[in-house]
Amino acid sequence: MSVITIERKVLEKNEAIARKNRDLFARHGVFVLNMVSSPGSGKTSILERTLHRLKDRVRIAVIEGDVQTDLDARRVAAYGVPAVQIITQGGCHLEASLVHDALANIDLASLDAVIIENVGNLVCPSNYDLGEAMKVVVASTTEGDDKPLKYPAMFRNSSVLIINKTDLVPYVNCSLPALQANALSINPGLTVFQTSCTTDAGIAEWCAWLLEQIRLASQGGASAAPIGIDE
Amino acid sequence: MHELSLAENIVDIVRQNLPAEQSGAVSVKVRVGEMAGVVPDSLAFCFEAITAGTPLEGIRMVIERVPLREKCRTCGEERVLPQPLFLCPACGGSDLLILSGRELEVSEIEVEDP
């Protein structure tokens with residue numbers, strides 16, 4: 001018997017394509033977000049509120065990831081922005097190659113930002129770098145306040161937390177301070193927003209922050225590597 | 001459940017690293033961190049399923065778990081934590097750096113000598 005030493009990352013192929021995507025985004029000064037969450041937390045609704053406010057101020061395109069249907073791409077396209085739907089047909093997450101293929105249908109030169117809405121899943125998408133500048137994790141109050149503790153990798157690997165459906169707090173068993181404290185105990189570097197897509201609360205603050213990030217990226221401030229607390 | 005696509009990546013890496021004259025691979029060693037988001041049994045099951053009926057059939061997957069090791073940026077304490085709770089047991093601080101536990105790597109292949 002003899003042993004061949006390899007020492008290679010299982011996800012090296014994905015990481016190589018993610019680097020290609022990231023270089024492409026940087027070359028065009030395009031700011032790219034990867035939105036992650038459990039299904040039904042309100043990612044698409046937040047996107048709609050965001051596009052409603054920002055579509056006439058910055059040029060945004062959206063890449064939608066879902067297991068089936070192009071319902072989300074149609075919801076987003078109604079705002080007059082370019083939208084590409086990736087249907088994973090059972091796949092539980094987006095991979096860098098899927099995003100790379102989707103970019104064939106997007107003219108980066110005419111854009112300021114791309115928002116990728118990942119498949120709703122708090123586990124698998126945390127492992128896959130898509131080439132984004134940062135991950136934004138959405139946690140809604142209806143999911144309860146313990147999710148950051150139960151799914152730590154997702155909250156650890158994200159740079160921003162949006163706590164959504166704040167208008168429902170009186171009706172659900174969820175403490176906003178506990179949800180926020182739990183998330184910060186997993187990742188003290190999280191930037192936190194509290195939003196409601198029904199009342200529009202907090203959407204202006206989130207959009208102001210997003211505009212600033214887009215402005216920084218257009219000036220060449222886009223990060224060359226994913227922003228993460230452990231990097 | 002992304003263990004199937006991970007198993008496919010592992011098969012690719014094994015194929016690329018197996019010398020042409022040595023088809024007799026016996027085992028592949030994979031390092032899986034406690035916080036890699038991977039279920040080891042499921043990964044081994046998927047690997048066995050996709051290598052069945054191929055030249056790699058019968059190759060054993062040996063999984064080495066890597067504990068979650070963290071260092072407190074406040075007090076400098078370094079230790080292995082039993083689960084990913086990000087509070088320093090020494091000073092209670094939450095500003096912890098992960099030193100290990102996110103690995104997902106193919107480390108070696110064992111082959112029969114030709």
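This is a predicted model: local features need pLDDT of at least 70, side-chain atom pairs count only at pLDDT 80 or more; totals for chains, interfaces and linings use all residues.
Chain A is built from eight helices and eight strands. The radius of gyration of chain A is 17 Å, close to the 17 Å that the globule rule gives for 231 residues, so chain A is as compact as a globular protein of that length. Taken along the principal axes, the box filled by the C-alpha atoms of chain A spans roughly 65 × 45 × 35 Å. Of the 231 residues in this chain, 48% count as buried, and, where contacts in chain A link residues at least 6 apart in sequence, 76% of them join residues that are at least 24 apart.

Between the two chains, 25 residues of chain A are in contact with 27 residues of chain B. On the side of chain A that touches chain B, at least two residues each are supplied by β1 (2-9), α6 (152-156) and α7 (176-186), and the largest share, eight residues, comes from β1(A). When the residues on this side of chain A are sorted by class, 14 are nonpolar, six are polar and five are charged.

Definitions and conventions:
Residues are numbered from 1 along each chain as its sequence is written. Chains are lettered from A and ligands numbered from 1 in the order in which they are written. Helices (H or I, at least four residues) and strands (E, at least two) are DSSP runs, numbered from the N terminus. The radius of gyration is taken over C-alpha atoms; the globule rule is 2.2 Å times the number of residues to the power 0.38. A residue is buried if 20 or more other C-beta atoms lie within 10 Å of its own, exposed if 12 or fewer, and partly exposed in between; C-beta atoms are placed from the backbone. Two residues are in contact if their C-beta atoms, placed from the backbone, lie within 7 Å. Ala, Val, Leu, Ile, Met, Phe, Trp, Tyr, Cys and Pro count as nonpolar, Asp, Glu, Lys and Arg as charged, and the others, Gly among them, as polar.
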